Amino acid sequence: MPKAYVFTRYGGPETEALVELDRPRPGPGEVLVAVRAAGVNPVDFKQRTGYRRPGESGERTFPAVLGNEVSGVVVGTGEGVTGFAPGDEVFGTAVAGGYAEYALLAAGITAHRPDALSATDAATLPVAAATAYDGVHQLALPAGATLLLTGAGGGVGVAVAQIARALGIRVVGVAGEGKKDLVESLGAVHVASGPGWADRVRAAAPDGVDAVYDLVGGEVLREAADLVTDRSRLITAGAPAEEAERLGGARVLRARDAVVLRAVADLAVAGDLDPHVTLTFPLERAGEALRAVEGGHARGKVVLEIGTAI
């Protein structure tokens, strides 16, 4: 039977397990893929603790497969699905988990993978790169503007910096000292995180910042709000919407459609977006992959390379 990495109840890492599950069947509007790779994101471990993605409804059943973004090969389609056929190489958003040998994708948030884009890189795009793309375009900054980016060294931050730089926007990226070389390689100005980081931003951007893209939340988001004059240009993907709204900002508005997936794939093929996959693991070591992200020390993206036989 196909393998999948799941959590058996809400809680910590002790709830996770590699199990065998029946091969899923695609329902209306769904595409079944043999998974080649699955991206690992903070939202994955948040879901294990009970977090629900915007738009998620109904009771979660256990065991629940972890993971939200995959690339793979189409092996079947559900009712009403057009444009996809068995054998197509695709990438998209998982309906009910992606750390598995087989996964269901939402057809409306699935795109064909260009030949020039590896399956591993494609698996990083539906959540991290698409979130970055949506937020940068939500801010709609002109070329020459300065964007403050918190959490600049993670998967979303790496994509934000590159997408913004491709639009001519100056990026000041806050990240740990160990990620300084990564942040600077993206064309951003690195500011070390930790106590006093806001003063270091003021020194790095003496004329101020025009917008904030926050990926951390909490006290960092609150301090970042004091650095931008126009709070309507304060957005976060690291905190709940109500937390941002109390500060005059907003949550990143996700398009969640194939148009954005094709756009970020085009950026990757053109060389304007490198997902910076720095760690890969087999499915059997999915727990290690998730710990790398959950610990907050991963540089760039972490991916599970699965490559099940079709």
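Start by selecting Arg-48, which lies in helix H1; helices here are DSSP runs of H or I with at least four residues, strands are runs of E with at least two, and both are numbered from the N terminus. Leaving aside neighbours within four places in sequence, Arg-48 is in contact with Phe-7, Arg-9, Tyr-10, Gly-11, Gly-12, Pro-13, Thr-15, Glu-16, Leu-66, Leu-290, Arg-291 and Glu-294. Contact means heavy atoms within 4.5 Å. With a relative accessibility of 2%, Arg-48 counts as buried. The cut-offs are under 20% relative accessible area for buried, over 50% for exposed, and partly exposed in between, using a 1.4 Å probe and protein chains only.

A word about the model itself: it is predicted, so local features need pLDDT of at least 70 and side-chain atom pairs count only at pLDDT 80 or more, while totals for chains, interfaces and linings use all residues. Residues are numbered from 1 along each chain as its sequence is written, and side-chain values use heavy atoms, with hydrogens and water left out.

**Next stop: the rings**

Rings of Phe, Tyr and Trp (its six-membered ring) pair if their centres lie within 6.5 Å; planes under 30 degrees apart are stacked, over 60 edge-to-face, and the rest tilted. By this rule the count comes to 3 aromatic pairs. Phe-7 and Tyr-10 make a tilted pair, 6.3 Å centre to centre with 35° between the planes. Phe-7 and Phe-62 have ring centres 5.7 Å apart and planes at 75°, so this pair is edge-to-face. That pair links distant parts of the chain: Phe-7 is in strand S1 (residues 3-7) and Phe-62 in the loop between helix H1 (42-48) and strand S4 (64-65), 55 residues apart.

Which of these rings is buried? Phe-7 is, at 2% relative accessibility. Tyr-10, at 36%, counts as partly exposed, and Phe-62 is partly exposed too, with a relative accessible area of 35%.

Stay at Phe-62 and look at the peptide bond to Pro-63: it is cis, with omega near 0°.

Now select Arg-23 and Tyr-102. Arg-23 lies over the face of Tyr-102, at 4.7 Å from the ring centre. The rule asks for NZ of Lys or CZ of Arg within 6 Å of the ring centre and within 35 degrees of the ring normal.

**Into the core**

Select Leu-125, Leu-147, Val-160 and Tyr-213. Of the 45 residues in the largest nonpolar core, these four touch the most other members. Such a core is a set of buried Ala, Val, Leu, Ile, Met, Phe, Trp, Tyr and Cys residues joined through side-chain atoms within 4.5 Å. Helix H3 supplies the largest share of this core, 8 residues. Zoom in on Val-160: leaving aside neighbours within four places in sequence, Val-160 is in contact with Ala-132, Val-136, Leu-147, Leu-149 and Tyr-213. There is also a second, separate core of 31 residues, including Tyr-5, Phe-84, Phe-281 and Val-302.

Is H4 enclosed or open? 10 of the 12 residues of H4 are buried, so it is largely enclosed by the rest of the structure. Among the buried residues are Val-156, Val-160 and Ile-163. Just after H4, Gly-168 takes a positive phi of about 85°.

**Across the sheet**

Next, display the open sheet of 6 strands, with parallel pairing, in the order S10-S9-S8-S11-S12-S13. Strands pair if DSSP finds at least two bridges between them. Strand S10 (189-192) and strand S13 (250-251) stand at the edges, each with a single partner, so one side of each has no neighbour in the sheet. How many bridges join S8 to S9? There are 5, and these two strands run parallel. Leu-148 has Val-172 in S9 as its bridge partner.

Move to Ala-211 in strand S11. At 0% relative accessibility, Ala-211 counts as buried.

**Last stop: two loops**

Finally, select Ala-140, in the loop between H3 and S8. Ala-140 has a positive phi of about 50° although it is not a glycine, and at 52% relative accessibility Ala-140 counts as exposed. His-276, in the loop between H9 and strand S14 (277-281), has a positive phi of about 55°, again without being a glycine.
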